[in-house]
Amino acid sequence: MNAQKTDALSAYFLAETSDVLETHTLSIIVDNEPGVLARVIGLFSGRGYNIDSLSVSETEHEKHVSRITIVTTGTPQVIEQIRHQLDRLVPVHLVRDLTVAAHNTNQEKPLERELALIKVRGVGDKRLEALRLSDAFKATVIDATTEHFVFEITGRTNKIDQFIEILTPLGLVEVSRTGVAALARGGQALKDLQDEI
């Protein structure tokens, strides 16, 4: 009887882990009004979905419309469920999964960039090494004293992660990041992209 239970649990365990987690970039057009962002975030937190990155800003002033870019991770079924639930929110005009849209049009992944401000404190050799690394990563010094630097760096998330990791032993003090901003490649507008799985 114990063997049967073990086999049943093993089969269940295999079924549970058969879906691979994927990272997707969602672009959402919403009314720019109070409470909209809270409703979008509430949809994620209420269902236990994680947000890896979030950025939002008004993009069409005349129409009072904002664009929210969310990077999230889940199984394909969970990503699809998130997209459909976002689509049903009243202040949401449009939801597109840029990752799936790129796949469906045989294009590269969407253009994604993030900005970070990174403060490093150090003197002597550590100071020189931090400057050398900033040059290699194309980071800009935007504030400096004899004891610290603040670097500005723009790029893909993994580039920024790598820069921060390398600076950590050199006297990393703090980091501020914007979150991912993304656009689909090609000449199509967001509303013209097809992201059906």
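Which residues form one aromatic cluster? Phe137, Phe149, Phe151 and Phe163 do, and the legends below visit them along with several other sites. This is a predicted model, in which local features need pLDDT of at least 70, side-chain atom pairs count only at pLDDT 80 or more, and totals for chains, interfaces and linings use all residues. Residues are numbered from 1 along each chain as its sequence is written, and side-chain values use heavy atoms, with hydrogens and water left out.

**Figure 1. An overview of the chain.** Let us start with the whole chain, which has six helices and nine strands. Helices (H or I, at least four residues) and strands (E, at least two) are DSSP runs, numbered from the N terminus. Of the 197 residues, 36% count as buried; buried means under 20% relative accessible area, exposed over 50%, and partly exposed in between (1.4 Å probe, protein chains only). Among contacts between residues at least 6 apart in sequence, 73% join residues at least 24 apart. Contact here means heavy atoms within 4.5 Å.

**Figure 2. The aromatic cluster of Phe137, Phe149, Phe151 and Phe163.** The structure holds four aromatic pairs. Rings of Phe, Tyr and Trp (its six-membered ring) pair if their centres lie within 6.5 Å; planes under 30 degrees apart count as stacked, over 60 as edge-to-face and the rest as tilted. The pair of Phe137 and Phe163 is tilted, because the ring centres are 5.0 Å apart and the planes stand at 40 degrees. Phe137 lies in the loop between α5 (125-136) and β6 (140-144), and Phe163 in helix α6 (residues 157-167), so this pair ties together parts that are 26 residues apart in sequence. Phe137 is buried, with a relative accessible area of 13%, and Phe163 is buried at 0%. For Phe149 and Phe151, the ring centres are 5.5 Å apart and the planes are at 25 degrees, so that pair is stacked. Phe149 counts as buried at 6% relative accessibility, and Phe151 is buried at 0%.

**Figure 3. The open sheet of four strands.** Follow the order β2-β3-β1-β4 across this sheet, where the pairing is antiparallel. Two strands pair if DSSP finds at least two bridges between them. Strands β2 and β4 (92-97) stand at the edges, each with a single partner strand, so one side of each is left without a neighbour in the sheet. From one strand to the next, the twist averages 20 degrees.

**Figure 4. Strand β3 and its partners.** Nine of the 10 residues of strand β3 (residues 65-74) are buried, so β3 is largely enclosed by the rest of the structure. Strand β1 (residues 22-31) runs antiparallel to β3 and is joined to it by 10 bridges; here Asp31 stands opposite Val65. Strand β2 (residues 51-60) also pairs with β3 in the antiparallel sense, over eight bridges. Along that pairing, Leu54 has Ile70 as its bridge partner, and Ser53 has Val71. A hairpin is formed by β2 and β3 with four residues between them, and His64 in the turn has a positive phi of about 55 degrees.

**Figure 5. His24 in strand β1.** His24 is buried, with a relative accessible area of 4%. Leaving aside its neighbours within four places in sequence, His24 is in contact with Ile70, Val71, Thr72, Ile79, Asp97, Thr99 and Val100.

**Figure 6. Helix α2 against helix α3.** The axes of helix α2 (residues 36-46) and helix α3 (residues 76-87) come within 11 Å and cross at roughly 145 degrees. Axes are lines fitted to C-alpha atoms, for helices over the stretch in contact, and angles run from 0 to 180 degrees between N-to-C directions. The crossing is right-handed; a crossing is left-handed if the near helix is turned anticlockwise from the far one by less than a right angle, and right-handed if clockwise. Val40, Leu43 and Phe44 in α2 meet Ile82, Gln85 and Leu86 in α3.

**Figure 7. Gly155 in strand β7 (residues 148-155).** Gly155 counts as buried, at 5% relative accessibility. Not counting residues up to four places away in sequence, Gly155 touches Glu112, Arg113, Glu114 and Ile160. Gly155 and Ala139 are 16 residues apart in sequence and 9.7 Å apart in space, C-alpha to C-alpha.
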